[in-house]
Amino acid sequence: MDNIDKQLVNRLQDGFPVTERPFLAIAEEFGLEESDVMQRVQTLLDDGILSRFGPMFQAERLGGGLTLAAMKVAPEDYEKVVEQVNAFPEVAHNYQREHELNMWFVLATETPEGIEDTIQRMEAITGYQVYNMPKQEEFYVGLRFEL
Amino acid sequence: MSDLDLNSNPSDTNKTDVPSFSQKTPEAPAEKAKDYIFTQIDRDLVIATQEGLPIVERPYQVIADQLGISEDEVMFRLEKMKDCGVIRRIAGVPNHYRIGFKANGMTVWNVADDQIKELGRKVGQLPFVSHCYQRPRHQPYWNYNLFAMVHGSERAQVEERAQLVKELLGNACTEHEILYSSKILKKTGLRLAN
């Protein structure tokens, strides 16, 4: 990742233009060729520097359900339960955390009622209790990382 | 806009190449209009773009072709969804592990119920907090009702920053913990089923 890549990551966090030639718009800002910007963005994605590139949706605004949930899984079962939990398409991300509650995941469902249903199925399949921790109030969501 | 960059902290100045934060502006505040009529075309547009935009000269044209609508309509609807908060933003999101934020602590706090709204907002304003929510307790096993994601280049820095949160909460907070992520087990983002 060279200096231009870093600046590009900074720039892309601020938003991607909604215009006919968005890569060209960014290329002009940077004094680069459009094809160069496209190549760099592709490489940043391929290398995993960028984990996502596109619209970030707010699930609740789409009429669906969204929650954070946690499980306390025994070490000997962990790998198996990861597979079982990740197999649910409703699991958007899943993190291992250093705590008794050692698995934390975000559930996103088409309907608000889908959350409870998903949790019940998950408890039945894994044999573990799922602690549901939906947000009651959002104080802040954001953060831009400066490279 | 005031400079909230925490890297003006003395402890940070002797480090080079430490990632920093930019000024804070929340994404699509929750108060924004909720009256957007979400149509089937919007739904199709979500499905067509939720895995990411194609890296081509005219990405919106490619999506338009997939959906059988015009490029203008794709752009119009994306802007509209952005305006009303269905889309928080259209952007590139760095993997924070890959860009130097090796330590990411989910800090959880037991905060007096009658003060959590006010204090939650204050914690959310701290420059190193990326997400801040009130969530339900599961007593007696889980007493924490305030969650704040704190990012740092190493754990010592996360702990320093958690200390600032603790000071801010004062007597309203009786206990807290920092839960570090040790592994990403899945990261696909939100998905609508096709």
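Guide: A nonpolar core is a set of buried Ala, Val, Leu, Ile, Met, Phe, Trp, Tyr and Cys residues joined through C-beta atoms within 7 Å. The model is a predicted one.

Visitor: Which residues touch the most other members of the largest nonpolar core?
Guide: The largest nonpolar core has 48 residues. Strand E4 (residues 103-109) of chain A gives the largest share of this core, five residues. Those that touch the most other members are Ala69(A), Met103(A) and Phe105(A).

Visitor: Which strands does E2(A) join through bridges, and is E2(A) largely enclosed or open?
Guide: Seven bridges link E2(A) with E4(A), antiparallel, and Leu66(A) stands opposite Ala108(A) there. Four bridges link E2(A) with strand E5 (residues 130-133) of chain A, also antiparallel, where Leu68(A) faces Met133(A). Because six of the seven residues of strand E2 (residues 65-71) of chain A are buried, this strand is largely enclosed by the rest of the structure.

Visitor: How many residues of chain B are in contact with chain A?
Guide: On the side of chain A that touches chain B, 32 residues are nonpolar, 15 polar and 14 charged. Strand E1 (residues 50-57) of chain A supplies the largest share of that side, eight residues. In contact with the 61 residues of chain A are, from chain B, 71 residues.

Visitor: What is the bridge partner of Gln96(A) in E6(B)?
Guide: Strand E3 (residues 91-97) of chain A pairs with strand E6 (residues 173-187) of chain B in the antiparallel sense, over five bridges. In E6(B), the partner of Gln96(A) is Lys183(B).

Note on methods: Residues numbered from 1 in each chain as written. Chains lettered and ligands numbered in written order. Predicted model: local features only at pLDDT ≥ 70, side-chain atom pairs only at ≥ 80, totals over all residues. Buried ≥ 20, exposed ≤ 12 C-beta atoms within 10 Å, placed from the backbone. Helix = DSSP H or I, 4+ residues; strand = E, 2+ residues; numbered from the N terminus. Contact = placed C-beta atoms within 7 Å. Nonpolar A, V, L, I, M, F, W, Y, C, P; charged D, E, K, R; others polar. Pairing = 2+ DSSP bridges.
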